[in-house]
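Morning, everyone. Please have a look at the model on the screen.

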Amino acid sequence: MRNHLDRHLSAVRNLGILAHVDAGKTTVTERILYATGTTHKRGEVHDGTTITDFDPQERDRGITIFAAAVSCDWDGHRINLIDTPGHVDFADEVERSLRVLDGAVAVFDAVAGVEPQSESVWRQADRHGVPRIAFVNKLDRVGADLDAAVASIRERLHPVPLVVQLPIGTEDGFTGVVDLLRMRALTWSDGGETAVEDDVPEGLREEALRRRRLLEEAVAERHPAALEEFCDRETLSVETLSGALRELTGTGDAVVVLCGSAYRNRGIEPLLDAVVAYLPSPSDVPPVCGTPGGVAGMRNTKGGMRDAADGMHGTVHGMHETADRQRESADRQHETADRMQDAVGEQRPADPAAPFAALAFKVAATPTGRLTYLRVYSGTIEKGDAVWESGARRIERIGRILRVQADRHAQLERAVAGDIVAVIGLKSARAGSTLSAPGAPLVLEPPGVADPVVSVAVEARTSTDADRLVSALARLAEEDPSLVVRTDPETGQTVLSGMGELHLEVAVEKIRRSLGLDVNVGRPRVTYRETVARGVSGLLFRHVKQDGGAGQFAQIVLDVEPLDAEEAGDGAETGFTFRSAVVGGRVPQEYVRAVEAGCRDALAEGPVGGHPVTGLRVTLTDGATHVKDSSEMAFRTAGRLGLREALRGCAMVVLEPVVEVTVTVAEDAVGGVLGDLAARRGRVTDSAVRGGSAVVTATVPLAELFGYATRLRSRTQGRGTFSARPTGYAPAPATATTR
């Protein structure tokens, strides 16, 4: 039984296809499905007939937006494959996919070589320790150059590329490759479905032998067993070379490079052979490590989790319980990840007989039901089984298990360690949730979620659709953790935040198409403040009202002055302090409290632009009462109207919110970034070089950051990234508040 299980696991490959947008990822995936007999017609991106780009928006835009899982068989192996997005706005989809993959194929354009997003996804794979092989695509294009593409991989990604093929023909004359391990030629005709194997063409034999020699030397330098054989025999056997390439790929010490043209269906079969030969199986990767935890373990941290959930950025204030549960669940996952760093881990081997443990990495609402995509790390799960869900800390039951083919599904009776499947029936699981056996609960580290960088205000066009919009936004955030929905407590706007303008555009369009909702999208309002630059003293205000019956009388004298920095930091949240300097009991204490309440009422609207007022101290210095007509209401009204009159006599300044922006770019792009920050009224506070990249820190008005993500990517060819955090308020020029 043990040998049978090992054979099953060794015949599984879980891999992703990674690339810059338009490098040919989806076409490679489609040709893999065609070559393995999974499909019987070649899907084309330009025709909108691909299997993996099945969403209407993907077909309309001609790019991959959502990670799509498919499965196929090749040479007795089961290949579970995820086609990931190549656009920078959807990098979070790539992050969640890499978290559950054992290997990857990085696709590069033979003309462009390494492109900006190629670098980004490569670094993501580095962080997750995912072994990769490279496929240089589009060798049939004008200007295609394998050597130049390999040089860009070496220079910009810094791996050791080991090229195992030599192209036959160039550009439009590209017909095949020479396999440098077996020294055989593989060619494809225009109408041919499979490769024709033959001897190496005479005109390429000398070059092929030279490159084979370079390959052997490069491998011998990095692999002890290969070095020993190379020293003894001055050459390497196919078996030794292949085994060394597999080990070097697994350790990340080198990257095997293949080439071809996916569009013309040339080079796909050797790529599949390389996937089987060089990328690891689930039994080759280390056991997954998690934190033991269940009902008892979670109970001790319940209060801490609730506190974290209440304080996390992005909580949806005043929205439906569905949205609250989604946000709280995501926050619990972050809290879990923090605890795991200090916890003693428990290992679970990739063994179908071990206790069940799986990680949910994607949630999608489909006509079939709510699909939760799982990577099963250990154990076996069958239809109807009960599982412990770490996020909600509850028992859930598996309704159905599905083998996923993009938007098509085939039912399975069970899933075992090493499988990537989707399940129906889970109500509370989110991306990042751990599912485990109730008797052996485990919490795995969830995928990281990047902070959003772009926001838009959204509202239903009609009030009758407001509740539907709330539910739709909650479902969007549930399916995509990189989308954050919140209600601004000051402006009342519903704000949707994400990873880029295209990301938000796709999200809003999904609401419009799936629910038929008319949605207005606009720029979020900036919340300005007003403060006192120069105050007034001795302002006398008398409130008298007599309209029959008991009247109102209150007389107060106010001093208004700006708070200094220390007082503003120690004062109330509004940046306001109030004190009384009245002597002799001329204003009773209960009326003093009423005056303070009235002054706080007046802070809601300033005299310049109607913005909230902050950063001032008000002192009640004197006053007078009437034996019959004075009351708390009269003094509260006097406080409100008196402070308003005093503020009109003060020199007022409008404040705008500012944020600290940290920009990471290549050193050669620093000049353009600094110029752009200066044009946005930014003030650079720090600059440093870390890991070969320049890191610039600046304070920038929030109003100037709208559209910055797109601008930064444009200036840095997509290589620049930034993060922002609020730091407070600063005086705004008069023109800034009139935009």
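A search of the whole structure finds three aromatic pairs. Rings of Phe, Tyr and Trp (its six-membered ring) pair if their centres lie within 6.5 Å; planes under 30 degrees apart count as stacked, over 60 as edge-to-face and the rest as tilted.

Phe 108 sits in strand β4 and Trp 122 in helix α5, so the pair ties together parts 14 residues apart in sequence. Helices (H or I, at least four residues) and strands (E, at least two) are DSSP runs, numbered from the N terminus.

Buried or exposed, what is Phe 108? Buried, at 2% relative accessibility. Trp 122 is buried too, at 4%. Buried means under 20% relative accessible area, exposed over 50%, partly exposed in between (1.4 Å probe, protein chains only).

Now the sheet. Seven strands form an open sheet, ordered β2-β3-β1-β4-β5-β11-β6, with mixed pairing. Strands pair if DSSP finds at least two bridges between them. β2 (68-74) and β6 (161-163) stand at the edges, each with a single partner strand, so one side of each has no neighbour in the sheet.

A word on the source. This is a predicted model: local features need pLDDT of at least 70, side-chain atom pairs count only at pLDDT 80 or more, and totals for chains, interfaces and linings use all residues. Residues are numbered from 1 along each chain as its sequence is written, and side-chain values use heavy atoms, leaving out hydrogens and water.
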